[in-house]
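Walk through this structure with the sequence at hand. We start with aromatic rings and then turn to the sheet.

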Amino acid sequence: MVHNTHSGPPTPPPQAILLDMLCGMMKTQAIREATRLHIADLVQDGPKSTAELAEATGTHQGSLYRLLSTLASLDIFVEVEPDHFAQTPLSNLLRPNIPGSMYDVALIHGEEWQWHPWEAFSYSVQTGKTAFDHVYGESLWSHLSKNPAFGEHFSKAMTGFSMQVNVPVTMAYDFSAINTLVDIGGGHGSMLTTILKANPHMRGILFDAPHVIEEAHSIIAASEVADRCTLATGSFLESVPTGADAYIMKQIIKDWDDEQCIQILSNCRRAMKSGGKVLVVEPVLLPGKQMVTNKLIDLQLMVVLSGQERYENQYRHLFQAAGLRLAKIWPTRSPYSVLEGVAE
C-alpha cells in the first residue's frame with residue numbers, strides 16, 4: 001500500500017508564485033468592476049444567476065460570468081451551483097454604507113489617475129520626482145481640485161480608510177488629559193467624531209481645506225457630537241488653529257516630503273498650548289518582510305505624491321527638526337501607530 005505523506009495542496013513552483021504577483025493589476029481592476037456594478041448589493045439577499053445579474057447590471061452575460069468566476073477563485077463571491085453566485089465575507093465589504101466597508105477604497109484603486117502615473121514609474125525611480133506631476137503637468141492636489149468628482153471620490157476613499165483605524169486609535173491612546181483636540185486635515189471628521197464620542201469631556205476642531213469642510217458640515221451637524229465640534233478652514237502648510245491641547249493628524253505626514261512635513265509639524269508646535277502634544281497617526285515601517293502592503297503603498301506615494309511611508313528614525317528626525325521630541329509610540333490594533341510628540 002502506498003501512503004500519501006503530503007498534506008494540503010503542493011507548493012506552487014516559483015514561476016507560478018511570481019506570475020500571480022504580476023497579475024496584481026488584473027485583480028485590482030476585476031474587484032473594482034464588480035464594485036462599480038454593485039454585484040455585492042445584488043446578492044446580499046441570496047444567490048443570483050449570472051443571467052439575473054447581467055440583466056440587472058446591463059452587462060454581457062458570458063463576460064460577467066468570467067469576471068465572477070475569477071473573483072470566486074479569490075474568495076470574492078462563491079459559485080454555489082453552476083452559474084449562480086452568492087456573497088462571501090470579502091464581497092460583503094464591497095457594499096457601501098456598512099461597517100468596515102471597502103466600497104469607496106475599491107473604486108478609487110482602479111481610477112485612471114491612480115493607474116496612468118505608473119506608466120512613468122521609471123521616471124520616479126530614476127529622478128526621485130513624482131511621476132504624477134510629470135504625466136499630468138500638475139500635482140495630485142491641483143488635479144483633484146479641478147475635477148470635483150475625483151476629489152469627492154478621493155475624500156470618500158480616505159474616509160473608508162479612516163473607518164478601519166478610528167476605533168483602534170481611540171482605544172489605544174489615552175486622550176483623558178486633552179480638553180481641546182484639533183484634527184489637522186481631518187476630512188469629513190470620522191476620526192475626530194469617534195474620539196469625541198469616547199471622550200465626553202473633550203471639544204474638537206475639524207480643520208481642512210475650504211471645499212472639504214463644506215462637505216463635512218452636514219456630516220458633523222448630523223453627528224451626536226455636533227455641539228462639541230467646531231469646523232475651521234485653512235492650509236496646514238501655512239498655519240493651524242491656535243491654543244489647543246493637542247493636534248492630531250492621520251494619513252497626512254505620509255503625503256508630503258520631509259521639508260513640508262517639518263513645516264506642518266512646526267506650525268502645530270507653534271500653535272499648541274504650553275505642555276501640548278502633536279499626535280501623528282501613521283504606520284511605522286519595520287525592516288524585512290513585514291508590512292508588505294504598507295511598502296507597496298510607499299511606492300504608490302512615490303508615484304502620485306511627494307510623500308512616503310517612514311521608519312521610526314525618520315519620524316524622529318522630522319519631529320526634532322520641528323522642535324519636538326518623539327516621546328512615545330503607541331501601537332494600535334491596526335497597521336497604524338500613534339506617534340506622540342512633545343515640545344523640546
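Is Y65 buried, exposed or partly exposed? The model is a predicted one. In it, Y65 has a relative accessibility of 28%, so it counts as partly exposed. The limits behind that call are under 20% for buried and over 50% for exposed.

Now take the rings. A pair of aromatic rings is described by the distance of the centres and the angle of the planes. Searching the whole structure gives 9 aromatic pairs. One of them joins Y65 and F85. Their ring centres are 5.7 Å apart and their planes meet at 55°, so this pair is tilted. The reasoning needs two cut-offs: planes under 30 degrees apart count as stacked, and those over 60 as edge-to-face. Where do the two residues sit? Y65 belongs to helix α5, residues 61–73, and F85 to strand β3, residues 84–86. The pair therefore ties together parts that are 20 residues apart in sequence. F85 has a relative accessibility of 1%, so F85 counts as buried.

Y173 and F175 form another aromatic pair. Here the centres are 4.9 Å apart, with 70° between the planes, and the geometry is edge-to-face. Y173 is buried, at 4% relative accessible area. F175 is buried as well, at 2%.

Some rings gather in a group. W113, W141, F154, F236 and W256 make up one aromatic cluster. A charge also meets a ring: K328 lies over the face of W330, 4.0 Å from the ring centre.

Next, the sheet. Which strands build it, and in what order? The sheet is open and has 7 strands, in the order β6-β5-β4-β7-β8-β12-β11. The pairing is mixed. From one strand to the next, the twist averages 20°.

Strand β4 covers residues 180–184 and strand β7 residues 246–250. They pair in the parallel sense over 3 bridges. L181 has A246 as its bridge partner in β7.

Finally, find helix α18, residues 312–321. Helix α18 lies across β8 (277–282), β11 and β12 (337–343). Against β11, helix α18 runs at about 145°.

Terms used. Residues numbered from 1 in each chain as written. Predicted model: local features only at pLDDT ≥ 70, side-chain atom pairs only at ≥ 80, totals over all residues. Heavy atoms only, no water. Phe/Tyr/Trp six-rings, centres within 6.5 Å; stacked < 30°, edge-to-face > 60°. Helix = DSSP H or I, 4+ residues; strand = E, 2+ residues; numbered from the N terminus. Buried < 20%, exposed > 50% of the residue type's maximum accessible area, 1.4 Å probe, protein only. Lys NZ or Arg CZ within 6 Å of the ring centre and 35° of its normal. Pairing = 2+ DSSP bridges. Axes fitted to C-alpha atoms, helices over the stretch in contact; angles between N-to-C directions. Contact = heavy atoms within 4.5 Å.
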